[in-house]
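Take a walk through this model with the structure open beside you.

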Protein chains: 2
Amino acid sequence: MSKASEHAYRHIRGAILEGILAPGEQLREEHLADSCGVSRTPVREALRRLETEHFVRRTDSQRTFVTDWSMDEIEEAFALRGMLEGHAAARASCRIALGDIERLASHNQSIRRAAESQPINSTIFLEHNREFHAIILQAAGSDRLTALLGTIIEQPIVLRTARRYDRDQVLRSFAEHEELILAFRRHDPDWAEAVMKAHIRRAFHAYRDAFQNALVRDEARQATG
Amino acid sequence: MSKASEHAYRHIRGAILEGILAPGEQLREEHLADSCGVSRTPVREALRRLETEHFVRRTDSQRTFVTDWSMDEIEEAFALRGMLEGHAAARASCRIALGDIERLASHNQSIRRAAESQPINSTIFLEHNREFHAIILQAAGSDRLTALLGTIIEQPIVLRTARRYDRDQVLRSFAEHEELILAFRRHDPDWAEAVMKAHIRRAFHAYRDAFQNALVRDEARQATG
DNA sequence: CGCAACCTTATTGTATACAAATAACGACAG
DNA sequence: CTGTCGTTATTTGTATACAATAAGGTTGCG
């Protein structure tokens, strides 16, 4: 994808991730075109792409809105992600090279250090966590699976979850990653798959807890303010 | 999606399914626009959509070609489809209404009749088979899963496989569907999932056998001709 | 006061012209 | 004869104007 449409894609996607474009907000092609400094044509292309990746959603009358997730939809997305990433881990366990296992270990050590820093460094955690999962996906050696997961992993949700992670939760991620690495060293697909599924499932509960806490805080703020 | 781009989508998709546009063939936007009677703009939109559905593929230099599958890619697609449709069957088994089970049974009887007709009626088989799977997917009640499977089930492949099905294979599909129905009546997710996975896996082997036979025939034709 | 048909305005869809990029081709050097 | 460079032709990308459609607001009627 060449200059303008790629730029529009990144710009809009970034704005959604940053929360500049809030969930539920309507997106107007012309307005986006202005704010990206391109014409509507590449904006439309970007929107279609963001739609397949579930960043935005279109109504029956072709209007586009930033996706606003219901808890059910999020649980469903996590369930599918667990299944697919579990499958990826199983495949990877049989194929992964020793060097890649070492890279996994290295990224996971960075995650441990991020957990132990004062205060914990979410950005570093997110970065190495992303890379950790990317290595596994690549080791699974299935372009199709990679493409599928690309439409499932909802970065806005991952982001919101991880930003709320406390030290315990990051250390728990670290521990689960370590177990995954053990499964890879043994080339045990069942083990790897089970650990990965559990890992994703825990992430879902972390998300749900964080979300509920946020709701409680909001209500408290409204009551006091 | 409104008139022109929807029309372009159906037109191009249909041409690929009919084999008018052959695997590996390059698609030129202007040419397609002429043959659809619309401008390039909606054609481009249709192509992007067909790309996400894997009907076409784009090179790094943005040229578009009708997808030409390698056997590895097909096996991978079948594996993912087995996993996802198995999951759908498990979900459906817990949620499906009695009426839907009766509809499944009815469609499957039509499949049996198609198998017993002289000669076997592939078109009828395909139609009811599609509907059978669609009912299950809908009963699973997960839009996300439906969307995912939409990008996995490769109609050109299903078509090519089913057209080669002999009576035995259609009857085998019928028998597997019957077992699926039994699992649904018992609301047994594990059973339903296992049967579905086996069903898809058998379809893969049917495809591979048909493909290999086709190869052998082609070679024989070249040797004789 | 409600609501329904109409009109106005906002927004998306499509066509087309032109710009940019890439592949195809051929000439020339080694 | 082969490979590389440059030129041309083909193809895709982008901007823009205009058409079609849907939303919102207004007026008139029950």
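A:Ile136 counts as buried, because it has 22 C-beta neighbours inside 10 Å. The cut-off for that label is 20 or more. Keep in mind that this is a predicted model. A:Ile136 sits in helix 6 of chain A, which covers residues 122-140. Which residues does A:Ile136 touch, leaving aside those up to four places away in sequence? They are A:Ala88, A:Ala89 and A:Ala92. A:Ile136 and A:Ser93 are 43 residues apart in sequence, yet their C-alpha atoms are 8.5 Å apart in space.

Now step across to A:Ala92. With residues up to four places away in sequence left out, A:Ala92 touches A:Ile136, A:Ala139, A:Ala140, A:Phe184 and A:Ala192. A:Ala92 also belongs to the largest nonpolar core, a set of 61 residues. The residues with the most contacts inside that core are A:Ala92, A:Ala192, B:Ala92 and B:Ala192. A second core is separate and has 15 residues. Among them are A:Ile16, A:Leu21, A:Leu27 and A:Leu50. In soluble globular proteins, nonpolar side chains tend to be buried together.

Next, look at where the chains meet. The contact joins 12 residues of chain B to 12 residues of chain A. Which elements give two or more residues to the chain B side? They are helix 3, helix 4 (71-95) and helix 7 (143-150) of chain B. Helix 4 of chain B gives the largest share, 5 residues. By class, the chain B side has 5 nonpolar, 3 polar and 4 charged residues.

Helix 3 of chain B runs over residues 40-52, and helix 1 of chain B over residues 3-18. Their axes come within 8 Å and cross at roughly 55°. The two helices are therefore oblique to each other. Helix 1 of chain B passes helix 3 of chain B in a right-handed crossing. On the helix 1 side, the contact is made by B:Ala4, B:Ser5, B:Ala8, B:Tyr9, B:Ile12 and B:Arg13. Helix 3 of chain B supplies B:Pro42, B:Val43, B:Glu45, B:Ala46, B:Arg49 and B:Leu50. This helix contact has 8 nonpolar, 1 polar and 3 charged residues.

Finish in the loops, where the backbone deserves a look. Is the peptide bond from A:Gln118 to A:Pro119 cis or trans? It is cis, with omega near -5°. A:Pro119 lies in the loop between helix 5 (98-116) and helix 6 of chain A. In chain B, the bond from B:Gln118 to B:Pro119 is cis, with omega near 0°. B:Pro119 lies in the loop between helix 5 (98-116) and helix 6 (122-140) of chain B.

Two other loop residues have a positive phi without being glycine. A:His187 has phi near 55°. A:His187 lies between helix 9 (167-185) and helix 10 (189-224) of chain A. A:His187 counts as partly exposed, because it has 14 C-beta neighbours inside 10 Å. B:Gln62 has phi near 70°. The loop that holds B:Gln62 lies between strand 2 (56-58) and strand 3 (64-66) of chain B. B:Gln62 has 8 C-beta neighbours inside 10 Å, so B:Gln62 counts as exposed.

Methods: Residues are numbered from 1 along each chain as its sequence is written. Chains are lettered from A and ligands numbered from 1 in the order in which they are written. This is a predicted model: local features need pLDDT of at least 70, side-chain atom pairs count only at pLDDT 80 or more; totals for chains, interfaces and linings use all residues. Axes are lines fitted to C-alpha atoms, for helices over the stretch in contact, and angles run from 0 to 180 degrees between N-to-C directions. Helices (H or I, at least four residues) and strands (E, at least two) are DSSP runs, numbered from the N terminus. Angles under 35 degrees count as roughly parallel, over 145 as roughly antiparallel, 65 to 115 as roughly perpendicular and the rest as oblique. A crossing is left-handed if the near helix is turned anticlockwise from the far one by less than a right angle, and right-handed if clockwise. Two residues are in contact if their C-beta atoms, placed from the backbone, lie within 7 Å. Ala, Val, Leu, Ile, Met, Phe, Trp, Tyr, Cys and Pro count as nonpolar, Asp, Glu, Lys and Arg as charged, and the others, Gly among them, as polar. A nonpolar core is a set of buried Ala, Val, Leu, Ile, Met, Phe, Trp, Tyr and Cys residues joined through C-beta atoms within 7 Å. A residue is buried if 20 or more other C-beta atoms lie within 10 Å of its own, exposed if 12 or fewer, and partly exposed in between; C-beta atoms are placed from the backbone.
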